[in-house]
Amino acid sequence: MFTSINPATGEAGESFDELDADGVELALSRAQTCFAAWRDSPLDQRTQLLSAIADQWEANKRHLAETAVKEMGKPITGAIAEVEKCISGFRHYAERGPDYLEPAEVQTPAGHAVARWLPMGPVLAVMPWNFPYWQVVRFLAPTIMAGNVALLKHASSVQGCAALMQQLASAAGAPDGLFQNLAIKSDRVSDIIADKRVVAVTLTGSEGAGAKVAAAAGRALKKVVLELGGSDPLIVMPSADLDLAAKTAVTARVQNAGQSCICAKRMIVHAEIYDAFLDKFSAGMKAVKIGDPMDDTTVMGPLSSVGQRDTVLEQVERARAAGATLLHGAEKIDREGAWMTPGVLVGLDPESDVAKEEIFGPVAAVYKADDIDAAIALANDVPYGLGSAVWTQDEAEIERFARDIQSGMTAVNSLLASTPEAPFGGVKLSGHGRELGPWGMHEFMNLKAVMFGGGKAGD
């Protein structure tokens with residue numbers, strides 16, 4: 001049994017039965033049967049279904065958003081924005097998907113070949129709670145367009161979101177078995193990966209979860225895509241617009257209560273402007289409006305759970321023990337639920353254990369760098385490499401950052417955000433593989449070469 005807990009109040013919400021062994025077997029059988037037909041579906045049928053799903057999400061936007069607020073604490077404005085992003089994701093693949101599947105012709109010494117993208121089968125997605133819709137849609141929309149079918153193992157805390165997504169897909173006309181939510185616990189994932197009917201797996205989550213899923217996929221020799229979070233740097237150089245850089249850094253640290261894989265967690269600031277930036281950034285963090293996540297004016301709500309909040313507070317205490325100074329915030333708010341204030345740390349030893357970790361909450365560590373070499377070295381001095389952001393007007397510096405920062409994505413003078421058009425993913429312990437755009441769809445497709453000789457049949 002899964003029971004949703006409202007992180008703003010601590011109150012129990014809706015409960016959901018766990019899928020038993022027979023239920024899992026039925027789901028896998030349905031997926032196999034559906035794939036046998038869906039793989040041969042015309043492209044216009046797939047695009048029409050994606051458009052219909054987008055229409056269903058549009059019609060149920062408020063209900064989707066409120067369900068996310070109640071299950072994981074996201075402010076309503078952020079929840080609505082997430083739903084709208086999902087709608088754009090479905091529509092993107094409806095519009096561009098056929099182009100992504102176009103075969104390519106190449107010449108060979110013997111004649112020519114055609115490289116074709118073909119579907120593979122049922123794909124399992126293991127997804128987290130922090131963006132309960134968008135994380136799924138990043139996998140679901142291209143999966144449908146590719147001619148594959150989708151199995152979702154969502155986080156235990158957002159089963160209401162998972163059930164609602166499946167309902168809306170069915171309402172849009174999705175064939176039985178095309179998209180199924182598997183309400184199971186994590187300890188059952190390995191057995192599903194091992195099942196011969198599942199051809200691949202994608203996971204967004206922790207490093208530990210990624211290692212377990214990758215090991216299970218490796219034993220079964222199945223394709224895997226992993227997005228495992230990060231400790232993203234935001235570098236500010238002397239030529240930057242300091243006001244905008246500081247404002248954006250605050251947004252990065254408190255949106256979704258700091259529970260975003262790709263939003264900056266480490267602010268690395270050139271020594272010339274360090275004090276000025278720190279003053280602006282610190283003032284912005286103090287001014288963040290914390291309140292009822294159902295209030296349209298709230299900027300930051302609770303964290304997703306009391307456990308998650310306490311983990312962040314424990315990391316702050318370890319940072320202070322390692323020599324860091326807590327300028328302000330990072331305090332538990334005395335009320336029911338998973339509440340805390342945003343915090344700013346300075347003077348953290350970059351070689352300390354906590355400095356190498358991802359702080360998945362509204363706490364920033366601010367570092368001083370003497371020059372661009374020191375900034376890049378500090379940015380790269382963590383085991384992760386998902387996203388990064390740089391603030392500078394110097395074209396040579398932009399090129400240097402783009403080339404030398406070890407990350408899958410770099411935002412220039414802007415907030416890093418995923419978009420349906422661009423590849424999404426990381427390097428090092430942030431995982432491997434890519435989502436979104438044609439790259440995400442092609443991860444779970446068979447690139448098949450069809451070879452044609454120059455002579456007649458039988459030559």
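1. Basis. The model is predicted, so local features need pLDDT of at least 70 and side-chain atom pairs count only at pLDDT 80 or more, while totals for chains, interfaces and linings use all residues. Residues are numbered from 1 along each chain as its sequence is written, and side-chain values use heavy atoms, with hydrogens and water left out.

2. Strands S3 and S4. Helices (H or I, at least four residues) and strands (E, at least two) are DSSP runs, numbered from the N terminus; two strands pair if DSSP finds at least two bridges between them. Strand S3 (residues 104-108) and strand S4 (residues 111-119) run antiparallel and are joined by five bridges. They form a hairpin with two residues between them. Within this pair, Ala-104 stands opposite Ala-115 in S4.

3. Strands S4 and S20. S4 is also joined to strand S20 (residues 445-453), by nine bridges, and these two run antiparallel. Here His-112 stands opposite Phe-452 in S20.

4. Lys-356. This residue is found in the loop between strand S13 (343-346) and strand S14 (363-369). Its side chain reaches the backbone oxygen of Pro-350 at 3.2 Å, and a polar atom of that side chain lies 2.8 Å from the backbone oxygen of Asp-381. Leaving aside neighbours within four places in sequence, the residues in contact with Lys-356 (heavy atoms within 4.5 Å) include Glu-351, Val-382, Pro-383 and Tyr-384.

5. Largest pocket. On a 1 Å grid over the protein atoms alone, a pocket is an open set of points where a 1.4 Å probe fits, with protein on both sides within 12 Å along at least five of seven lines; lining residues have an atom within 4 Å of a point. The volume, the space filled by probe spheres set on the points, is about 790 Å³ for the largest pocket. Of its 31 lining residues, Pro-128, Thr-204, Gly-205, Ser-206 and Ala-209 are the closest to the centre. Two or more residues come from each of helix H7 (189-194), strand S8 (200-204), helix H8 (207-219) and helix H11 (306-321). H8 gives the largest share, four residues.

6. Second largest pocket. This one has a volume of about 430 Å³. It is lined by 26 residues, and Lys-85, Phe-131, Gln-255, Asn-256 and Ser-260 lie nearest its centre. Helix H4 (76-100) and helix H5 (134-146) are the elements that give two or more residues to this lining. H4 gives the most, with five residues.

Definitions and conventions:
A polar contact is a pair of N or O atoms within 3.5 Å; within protein, one must be able to donate a hydrogen and the other to accept it, and residues adjacent in sequence count only if both atoms are side-chain atoms.
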